[in-house]
Amino acid sequence: MTKGGAPEAEAILEETLSLRAADETELTASLFIGDGAAASSPAVIVACATGVKRSFYAPFARYLASRGWRAATLDYRGIGDSAPKDLREIRQAPMQAWAEQDLSALVKELQQRYPQAPLGWVGHSFGGQALGLVAGGEEVRAAAFVAAQSGDWRRWPKRHWPRLWLFLYLLLPLVSRWKGYFPARALGMGENLPEGVARQWARWCRQRDYLMYGEEAKREKRAERFAKIQGTLRAYSFSDDFFAPEAPAAALLSWYRGVGEERRTHRHLKPQDLGRRSIGHFGPFRDALKDTLWREIADFLEQELQA
């Protein structure tokens, strides 16, 4: 096994995990264990974007495991195998529960299984926002944020403002209230979302400070939680990504003020930088980038986690 990537022939053990969050919500996760993983080998959480099943990240998680690591993915409540048959059964579930309850349960599980393993994080979109809200997030030594951003719509180029305003002030909250969930699948926007998730997401995006908004005491408490993160951070954004442009991605990175500027880096890339015509919001986790972006992310994590 070399730093540049592991042999394809390495065996990878895949295990389905049944987890229970602190509020008793049942969740489903996947664990990928590389051949030869030792007690001190890294454990990396791949945290999903909004409305995306954990299965989408399985190829990337297997790639990380192929380096002799462990990698874990999770379906948030209301998504994939963690969803009830009728989303209206959990219509009040808020988006913050994905971080405070669901991802926190996965962190706890990995810490109990592998107490000697350094903990890494790869957060896609919401998965990068979530780290600062996760119980145990301060144990993460290194995190790569991929197409992750502050959701304040005013940070987008002004030409997109009318479209974003209609979505955040009308479509997302009103349709969710009417249906009891948001029918994202019918709109080609991923998996359907519980009403509470959709409405809180819209409410956050309408605020200048996104999920940091609120009365002073609440803002200070959230800021303190993000400041507890001490691990090295690297953000990636892409020039053709509508959902996470350069400015919102940079704004997210600034929330983690407990990490010195010298350990917070931002890589804004064009598709041509990675030998592609397009990347967009979901392209970073497609295996066409295995030998470029995936390798770079894994090398970054390896340098920080195995230092």
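Aspartate 241 is located in the loop that joins β9 (232–238) to α7 (246–255). The model described here is predicted. With a relative accessibility of 4%, aspartate 241 counts as buried. Its side chain reaches the backbone nitrogen of phenylalanine 243 at 2.9 Å. Residues up to four places away in sequence aside, aspartate 241 touches Ala147, Gly280 and His281. Histidine 281 is 40 residues from aspartate 241 along the chain, and the C-alpha atoms of the two are separated by 5.0 Å.

Phenylalanine 243, whose backbone nitrogen takes part in that contact, is partly exposed, with a relative accessible area of 40%.

Within α7, the residues Pro248, Ala249, Ala251, Leu252, Leu253 and Trp255 are buried.

Glutamine 129 belongs to helix α3. This glutamine is buried, at a relative accessible area of 3%. Its side chain makes a polar contact of 2.8 Å with the side chain of tyrosine 210. A polar atom of the glutamine 129 side chain also lies 2.8 Å from the backbone oxygen of glutamine 149. Neighbours within four places in sequence aside, glutamine 129 is in contact with Gln149, Tyr210, Leu211, Phe226, Leu252 and Tyr256. One of these, Leu252, is among the buried residues of α7.

**Aromatic rings**

The model has 20 aromatic pairs. One of them is formed by phenylalanine 226 and tryptophan 255 and is edge-to-face, with 5.6 Å between the centres and 85 degrees between the planes. Because phenylalanine 226 lies in helix α6 (residues 216–227) and tryptophan 255 in helix α7, the pair ties together parts that are 29 residues apart in sequence. Phenylalanine 226 is buried, with a relative accessible area of 0%, and tryptophan 255 is buried as well, at 13%. Another pair, phenylalanine 242 with phenylalanine 243, has ring centres 5.4 Å apart and planes at 80 degrees, so this pair too is edge-to-face.

An aromatic cluster is formed by Phe56, Tyr57, Phe60, Tyr63, Phe282, Phe285 and Trp294.

Two charged side chains are placed over rings, as listed below.

| Charged residue | Ring | Distance to ring centre |
|---|---|---|
| Arginine 70 | Tyrosine 114 | 4.0 Å |
| Lysine 179 | Tryptophan 178 | 5.5 Å |

In the arginine case, the charged end sits over the ring of tyrosine 114. Lysine 179 lies over the face of tryptophan 178.

**Cysteines**

How many disulfides does the structure hold? The number is zero. For cysteine 48, the nearest cysteine sulfur is that of cysteine 205, 18 Å away. Seen from cysteine 205, the closest cysteine sulfur is in cysteine 48, and the 18 Å between them is too far for a bond. A disulfide would need the sulfur atoms within 2.5 Å. Cysteine 48 counts as buried, at 1% relative accessibility, and cysteine 205 counts as buried at 5%.

Methods: Residues numbered from 1 in each chain as written. Predicted model: local features only at pLDDT ≥ 70, side-chain atom pairs only at ≥ 80, totals over all residues. Heavy atoms only, no water. Helix = DSSP H or I, 4+ residues; strand = E, 2+ residues; numbered from the N terminus. Buried < 20%, exposed > 50% of the residue type's maximum accessible area, 1.4 Å probe, protein only. Contact = heavy atoms within 4.5 Å. Polar contact = N/O pair within 3.5 Å; in protein donor to acceptor, adjacent residues only side chain to side chain. Phe/Tyr/Trp six-rings, centres within 6.5 Å; stacked < 30°, edge-to-face > 60°. Lys NZ or Arg CZ within 6 Å of the ring centre and 35° of its normal.
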